[in-house]
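Subject: Structure for you to look at

Hello,

Here is the structure I promised you. Please open it next to this email and follow along.

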Amino acid sequence: MIRPRVLLADDHVALFEAELALLSAHFDVVGTAADGAALVKEARSLCPDVIVSDISMPVLTGIEAMRKIRESGSRAQFVFLTVHREEEFVEACMEAGALGYVQKYHMKQDLMPAILAALAGQTYVSKLGSSP
Amino acid sequence: MSDEFRHPSGLDSGRYPQGWPGRARLVLAVIVLAASLFPQSIGGGQIKAVRRVLLFNDFSSISSPGMAALDQEIVTGLAISPYQIELYNETLEATLFPDEASQHSFDEWYVRKYADRKPDVIITVGPASLKFMVESHEASFPNTPVIFCGTTEEMLDRLKPDSYFTGVWGVAQPEMTLIAALHLQPDTKHVVVVGGVGTFDRSLEAVTKESLRKYESQFEFTYLTNLDMPALLERLRRLPSKTIVYHTSIVEDAAGAHFIDASQSVPMLVDAANAPVFVTDDVDIGKGTVGGYVVSWSADGKVAAGMAVRMLEGAKPQQIPVVRNSDVYMFDWRALHRWGFKESDLPPGSVVMFRELSIWERSKWIWISGLLIILSLALLATYLHYGRAELRKSRDTQVQLSGHLIKAQEKERSRLASELHDDFSQRLALLAFGLQNTEETLPDSPEMLKQTLEEFRHSVIELADDLHNLSHQLHSSTLDTLGLVTGLRSLCKEFGARQGIEIDFTSEGVPHTVRPEVSLCLFRIVQEGLQNLKKHSGTKTARLSLRNIGDKLLLSLCDEGMGFDANRLEKSGLGILSMQGRARLLGGEFEIHSKPGKGTRIEAWVPLEPAADPLNV
């Protein structure tokens with residue numbers, strides 16, 4: 001079975017490690033980035049199936065990076081992984097064309113379903129707020 | 001030497017048949033006057049020896065301004081004497097009563113009058129008095145020293161005062177006046193001498209003729225000295241050009257009319273004459289005459305008084321030599337001006353009287369005052385200008401300072417928010433993840449442990465929520481990440497949900513990307529405005545609009561709540577000041593419109609591209 005190719009972007013080292021471990025169990029993590037600009041560059045060269053990205057990152061935010069990636073013609077699906085829980089963020093991400101919105105507090109149970117939904121062209125949004 | 005009269009003694013004799021008691025009263029009056037002039041003799045506390053001074057005048061002070069000036073100097077001069085002066089005054093009225101019988105009866109009367117009051121000194125004023133005294137001295141006032149003044153030596157004719165006489169000769173020098181006149185009017189061809197037929201007049205005419213004789217070959221001389229006044233005036237009206245008039249004295253004209261020379265004759269002559277009129281003595285100046293080398297009667301009086309004081313102290317007349325007073329060049333500025341004479345043509349040392357101040361001299365203090373006032377105003381204006389500049393500067397400094405404060409505050413908020421978000425939140429999330437992992441990797445652990453770990457995870461996530469909220473309050477990540485419009489919408493929604501106030505937010509033409517300092521400024525103004533609205537308006541609805549007009553963003557937050565008196569804005573709190581400060585810092589403006597009961601509208605506009613130092617947050 002061909003594992004979906006995933007590109008991961010997060011500027012927080014410790015969380016990044018955890019995310020990488022979580023993803024590697026099920027997907028082929030083809031690349032990583034620690035800021036928005038690097039993400040754009042990697043996305044253009046690696047052509048992943050799914051991009052899992054933090055929103056608040058140096059240089060470019062995840063949403064800005066996504067716009068640039070879309071402009072370059074990439075069809076990669078976007079799943080945002082973030083600590084933001086305001087609806088405005090969800091709306092902004094969805095408007096920009098993302099399919100998944102996962103809160104980091106719930107990534108253990110939400111990230112896999114969100115990526116799978118994205119691969120299937122469906123949206124997945126974590127329940128906002130603190131309750132698990 | 002002018003003078004004359006018109007005298008009261010005729011009048012007096014009408015009232016008092018003998019005439020003399022009236023004169024006695026006059027003498028008494030003079031004594032009283034003298035007493036008042038020498039107060040030390042009355043109030044000095046010591047009894048002084050009495051000395052009698054008899055003053056003989058040709059004319060009374062009333063009828064001769066020249067005599068009046070001279071008498072005044074004598075009275076003043078005698079004041080320094082150590083004695084109690086009894087001053088007697090007699091007026092000869094030689095002009096009014098020139099006949100021998102009158103003069104003889106006067107003579108007898110004076111002898112009788114002063115038989116028991118022998119004067120210590122006699123002072124004669126005028127030629128007639130001196131003549132009278134020269135002729136009657138030996139018989140009437142033997143051994144009494146006599147001081148003469150108010151006359152020229154020539155006027156005495158061939159009479160010679162003896163050794164009991166001394167005094168001061170006035171010196172009439174008409175030729176000196178002529179010389180000055182020729183400097184002033186160099187093309188002079190005619191010299192007209194005017195005078196009367198009185199004794200004094202004739203004396204002066206004779207002196208004048210003698211003095212001018214040597215010029216008779218150079219100029220055409222005309223002596224108008226035998227005319228009645230009307231005829232004289234008529235002649236003076238028709239003088240040929242290039243004429244000067246030299247006036248001697250007219251106390252009596254050819255028709256027998258009497259005049260006071262200085263105050264009656266002179267003004268008439270000046271009015272009539274179509275040529276400049278020069279005169280002989282100082283009292284004739286000031287009535288329109290040009291002036292001349294004039295005799296000063298008051299100077300004579302001073303000298304005579306000094307001699308009298310010395311004699312009263314014991315000096316013999318023989319010890320006091322006769323002196324001649326020098327005359328003085330004196331002119332009337334107004335007459336010089338009238339005839340177009342130049343002051344520079346006057347003889348050196350000339351005294352110019354009645355000088356009229358030039359427009360500059362008259363108004364210079366007004367100008368100087370005006371200038372000073374203008375200067376003061378200019379200084380004041382400069383001061384105020386600088387004061388205002390200083391004020392503006394300090395206001396700028398204040399704005400700058402509040403800018404720095406805001407900037408520092410925002411930086412700190414941003415730093416805290418970033419730290420909370422970027423680190424704490426992330427770490428908490430990681431912790432939650434780790435806890436969940438642990439939970440799963442302990443499948444055989446007791447149920448209790450699982451439960452505890454689950455609760456632990458929940459607590460961690462709650463803590464993360466609180467931290468996130470705090471971070472968000474400090475600095476909106478929505479604003480930073482999603483932009484101004486989204487940030488404001490989010491703010492309105494959160495605020496509305498929290499406070500139960502519905503806020504209708506609309507935006508129009510706002511660019512997707514707005515400079516962070518502009519976004520933050522407007523965001524903070526809305527935050528502050530909403531806080532005020534919550535506290536003061538009492539309303540449950542409000543409208544917020546953000547529009548792009550030209551190169552500015554205009555923000556408007558309105559409610560229809562209670563409102564307040566906008567005139568008392570200066571008492572408003574830090575909130576409004578900070579809204580104002582933030583808008584101004586970016587070169588924008590902030591306004592509050594409100595009336596009690598009519599709601600409140602706050603408006604702020606900020607340029608999209610502020611020129612000022614932006615908030616670097």
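Start where the two chains meet. Helix 1 of chain A passes helix 13 of chain B in a left-handed crossing. Keep in mind that this is a predicted model.

How is such a pair described? Two packed helices are described by the angle between their axes and the distance between the axes. Here the axes of helix 1 (residues 13-24) of chain A and helix 13 of chain B come within 9 Å. They cross at roughly 35 degrees.

Which residues meet there? From helix 1 of chain A come A:Ala14, A:Leu15 and A:Ala18. From helix 13 of chain B come B:Gln426, B:Arg427, B:Ala429, B:Leu430 and B:Phe433. By class, this helix contact has 6 nonpolar, 1 polar and 1 charged residues.

Now zoom out to the whole contact between the chains. Chain B puts in 24 residues and chain A puts in 20 residues. On the chain B side, helix 13 (359-440), helix 14 (447-474), helix 15 (477-482) and helix 16 (484-499) each supply at least two residues. Helix 13 of chain B gives the most, with 10 residues. The side of chain B that touches chain A has 7 nonpolar, 11 polar and 6 charged residues.

Back to helix 1 of chain A. This helix has 12 residues. From its first C-alpha to its last, helix 1 of chain A reaches 16 Å, close to the 16 Å expected at 1.5 Å a residue.

Which residues of helix 1 of chain A are buried? They are A:Leu15, A:Glu19, A:Leu22 and A:Leu23. These four cover an arc of only 95 degrees around the axis, so they sit on the same side of helix 1 of chain A. An α-helix has 3.6 residues a turn, so residues three or four places apart point the same way. The face turned away from the buried side of helix 1 of chain A carries the exposed residues A:Val13, A:Glu17 and A:Ala21.

What covers the buried residues of helix 1 of chain A? Within chain A, the cover includes strand 1 (5-9), strand 2 (28-33), strand 3 (50-53), strand 4 (77-82) and helix 5 (107-119). Helix 13 of chain B is also part of the cover.

Next, chain A as a whole. Chain A has 5 helices and 6 strands. Along the sequence, the pattern of chain A is β-α-β-α-β-α-β-α-β-α-β. Of the 132 residues in chain A, 51% are buried. Take the contacts in chain A between residues at least 6 apart in sequence: 56% of these join residues at least 24 apart.

Chain B has a helix pair to look at too. The axes of helix 4 (residues 65-78) and helix 11 (residues 297-312) of chain B come within 7 Å and cross at roughly 30 degrees. This crossing is right-handed. The residues of the contact between helix 4 and helix 11 of chain B divide into 9 nonpolar, 6 polar and 4 charged.

Last, two backbone angles. A:Val59 has a positive phi, near 70 degrees, and is not a glycine. A:Val59 lies in the loop between strand 3 and helix 3 (62-71) of chain A. Is A:Val59 partly exposed or buried? With 14 C-beta neighbours inside 10 Å, A:Val59 counts as partly exposed.

B:Asn143 has a positive phi of about 70 degrees, and is not a glycine either. Its place is the loop between helix 6 (127-140) and strand 4 (146-149) of chain B. B:Asn143 has 8 C-beta neighbours inside 10 Å, so B:Asn143 counts as exposed.

Best wishes

Methods
Residues are numbered from 1 along each chain as its sequence is written. Chains are lettered from A and ligands numbered from 1 in the order in which they are written. This is a predicted model: local features need pLDDT of at least 70, side-chain atom pairs count only at pLDDT 80 or more; totals for chains, interfaces and linings use all residues. Two residues are in contact if their C-beta atoms, placed from the backbone, lie within 7 Å. Ala, Val, Leu, Ile, Met, Phe, Trp, Tyr, Cys and Pro count as nonpolar, Asp, Glu, Lys and Arg as charged, and the others, Gly among them, as polar. Axes are lines fitted to C-alpha atoms, for helices over the stretch in contact, and angles run from 0 to 180 degrees between N-to-C directions. A crossing is left-handed if the near helix is turned anticlockwise from the far one by less than a right angle, and right-handed if clockwise. A residue is buried if 20 or more other C-beta atoms lie within 10 Å of its own, exposed if 12 or fewer, and partly exposed in between; C-beta atoms are placed from the backbone. The expected span of a helix is 1.5 Å times one less than its number of residues. The arc is that of the directions from the helix axis to the C-beta atoms.
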